[in-house]
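Please look over the sequence and the structure below before reading on.

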Amino acid sequence: MNHKKIYRLYRTMGLAMRRKYHRHSARRLMPPAGEKALTRPDQRWAMDFVSDTLASGRTFRALTMVDEFTRESLAIEVDTSLPGLRVVRVLERIVAQRGRPEEIRVDHGPEFICRALRAWCEEQRILLRFIDPGRPMQNGHIESFNGRFRDECLNANWFVNLRQARQNIEHWRLDYNGQRPHSSLAYRTPDEFAGMFLQARTIGAMIEKLQ
């Protein structure tokens, strides 16, 4: 029997113990020495991959992407294969929706060091910032997000196929953005926090237009 089905039955029967959440120290999420602090949305995005399996045992991957300042989950792309060109297409879709970031933080995975992504970032004038090898916590925001994604979504669901996986994961992503207050955001949700800056930007543009 699939381990996820066992977990769901375990929860349904009320046998689950209260999950222990580990606090992330401020030091772990502080920018490295010499790196400028974030002050607005779209200054820096972060990307990474998470893997899981379907009920059939087939492995799939999820490309996760967050805005480090607003903590928004910008996308979770799910498929059995996500090469560099697919990563570029996902970025193009998000950039078309909200504009391009100043930089993107990634590790040295083959999808991130490929020529396609490097060329696209250079064309878009986006800095591709690589963490040091073997230092995942230099990408602490996406690592923290991926931990929550795995605990609350991947480990709590039994995906029959990719279609179901995509639907359930997207539902979780929207709930994460719209219903989960963050202490680091003064207990606002990522959507609420990002909305504050969008509103301020709109008001500033109106005032500038009237002057």
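The sections below describe what can be read from this model.

## The model and its overall make-up

This is a predicted model, in which local features need pLDDT of at least 70 and side-chain atom pairs count only at pLDDT 80 or more, while totals for chains, interfaces and linings use all residues. Residues are numbered from 1 along each chain as its sequence is written, and side-chain values use heavy atoms, with hydrogens and water left out.

The protein has 7 helices and 5 strands, where helices (H or I, at least four residues) and strands (E, at least two) are DSSP runs numbered from the N terminus. Starting from the N terminus, the order of these elements is α-β-β-β-α-β-α-α-β-α-α-α. Of the 211 residues, 39% are buried; buried means under 20% relative accessible area, exposed means over 50%, and partly exposed lies in between, with a 1.4 Å probe and protein chains only. Among contacts (heavy atoms within 4.5 Å) between residues at least 6 apart in sequence, 59% join residues at least 24 apart.

Helix α4 covers residues 115–124, and its buried residues are Leu 117, Trp 120, Cys 121 and Gln 124. These residues lie on the same side of α4, because they cover an arc of only 95° around the axis, the arc being that of the directions from the helix axis to the C-beta atoms. The face turned away from this buried side carries the exposed residues Arg 115, Glu 122 and Glu 123.

What do the buried residues of α4 pack against? Their partners are β1 (44–53), α2 (84–98), α3 (110–113) and β5 (127–130). Just after α4, Arg 125 takes a positive phi of about 60°.

## How α2 and α4 meet

The axes of α2 and α4 are 8 Å apart, and the two helices pack at an angle of about 30°; axes are lines fitted to C-alpha atoms, for helices over the stretch in contact, and angles run from 0 to 180 degrees between N-to-C directions. The two helices are therefore roughly parallel to each other, since angles under 35 degrees count as roughly parallel, over 145 as roughly antiparallel, 65 to 115 as roughly perpendicular and the rest as oblique.

On the α2 side, Leu 85, Val 87, Val 88, Leu 91, Glu 92 and Val 95 take part in the contact, and they meet Ala 116, Leu 117 and Trp 120 in α4. The residues of this contact divide into 8 nonpolar, no polar and 1 charged, where Ala, Val, Leu, Ile, Met, Phe, Trp, Tyr, Cys and Pro count as nonpolar, Asp, Glu, Lys and Arg as charged, and the others, Gly among them, as polar.

## Residues in the loops

Asp 42 belongs to the loop between α1 (3–12) and β1 and is buried, with a relative accessible area of 11%. Tyr 187, in the loop between α6 (162–179) and α7 (190–210), counts as exposed at 62% relative accessibility.

Gln 43 also lies in the loop between α1 and β1, and is buried, with a relative accessible area of 4%. Leaving aside neighbours within four places in sequence, Gln 43 is in contact with Lys 36, Ala 37, Leu 38, Pro 101, Glu 102 and Glu 103. Phe 159, in the loop between α5 (140–154) and α6, counts as buried at 0% relative accessibility.
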